[in-house]
Amino acid sequence: MTAHNGRPEPGEAASGEAVAGEAAAGRTAPGEAAAEGHGRPSSWPAGPAPQPVPGAARDDTVAGVVRQWRAVHPDLNTGPMEIIGRVNRCAALLQQAEDAPLRRAGLSRAEFDLLGALRRTGHELTPSELARETFSSGAAVTKRLKQLTERGLVERRGDTRDRRVAHVHLTDAGRDLVDGILPEQLAYERTVLAGLDSERQDELAGLLCMLLGRLEGRQGLARPAR
């Protein structure tokens, strides 16, 4: 996540071109299609090869990075950059968008995720629980809670049995902010996605769900309670 000053927080993923350029790219295995074009490994099941979206020329910033890496290392399969680089670039641009409601409110997405976790669960959470709910590190949560406390959006209550444990809850101002900004943020995000029809949005959501599930499974991340 990117803080409201536009800089990635320590330990969090870098964005955009840097990630696209430095993403790990496996060498082309025997029987695999060349990096140029949009072929597929010969070991894949028979059937038509995936086709690009009609009219969607791959001439964005990530495409430029990929072309440069192909010129430097033509023996590498740069296909992963086409996806990972664009996911990170999209996330970075959404974070930096000046017209986004979160940005106007002086909140990073990570800070809003903390406020949202407290609002949607409807009860106090410890910092470690907030870390699990938002897939953040303990240090990052501590830093964000300090900033949100200073703004009067959250309060901490000490545990009566264990002084090392704190319980965090929204203030009235925090609850009002979340309830006020969420409809605006959702409307903004609908506008961002307006170039994709509902069918393509569903398809993209499904593909990202599959990718996220695999990543969470590989890292042994527990999913938030439902």
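Student: Which helices each supply at least two residues of the nonpolar patch?

Tutor: Keep in mind that this is a predicted model. Helix 3 (79–96) and helix 9 (198–219) each put at least two residues into the patch.

Student: And what residues make the nonpolar surface patch?

Tutor: I83, I84, V87, L94, V192, L193, L196, L204, L208, L211 and L215 make it, with an area of about 820 Å².

Student: Take L204. Where does L204 lie, and how does its accessibility class come out?

Tutor: L204 lies in helix 9. Its relative accessibility is 37%, so L204 counts as partly exposed.

Student: OK, inside now. How many residues has the largest nonpolar core?

Tutor: It has 19, and L115, L118, L130, L145, L148 and V154 have the most contacts inside it. Helix 5 (109–121), helix 6 (127–134), helix 7 (138–150), strand 2 (166–170) and helix 8 (172–192) each supply at least two of the core residues.

Student: Which of them gives the largest share of this core?

Tutor: Helix 5, with 5 residues.

Student: What is V154 in contact with, leaving aside neighbours within four places in sequence?

Tutor: L115, L118, L145, L148, T149, V168, H169, L170 and T171.

Student: Switching topic: what is phi of F135 near?

Tutor: Phi of F135 is near 55°, which is positive in a residue other than glycine. Most residues other than glycine have a negative phi. F135 sits in the loop between helix 6 and helix 7.

Key
Residues numbered from 1 in each chain as written. Predicted model: local features only at pLDDT ≥ 70, side-chain atom pairs only at ≥ 80, totals over all residues. Heavy atoms only, no water. Core = buried A, V, L, I, M, F, W, Y, C linked by side-chain atoms within 4.5 Å. Buried < 20%, exposed > 50% of the residue type's maximum accessible area, 1.4 Å probe, protein only. Helix = DSSP H or I, 4+ residues; strand = E, 2+ residues; numbered from the N terminus. Contact = heavy atoms within 4.5 Å. Patch = residues over 30% accessible without salt bridge, like charges linked within 9 Å, V, L, I, M, F, W, Y side chains within 5 Å. Areas by Shrake-Rupley, 256 points an atom, 1.4 Å probe, with all protein chains shown as cover. Salt bridge = Lys/Arg side-chain N within 4 Å of Asp/Glu carboxyl O.
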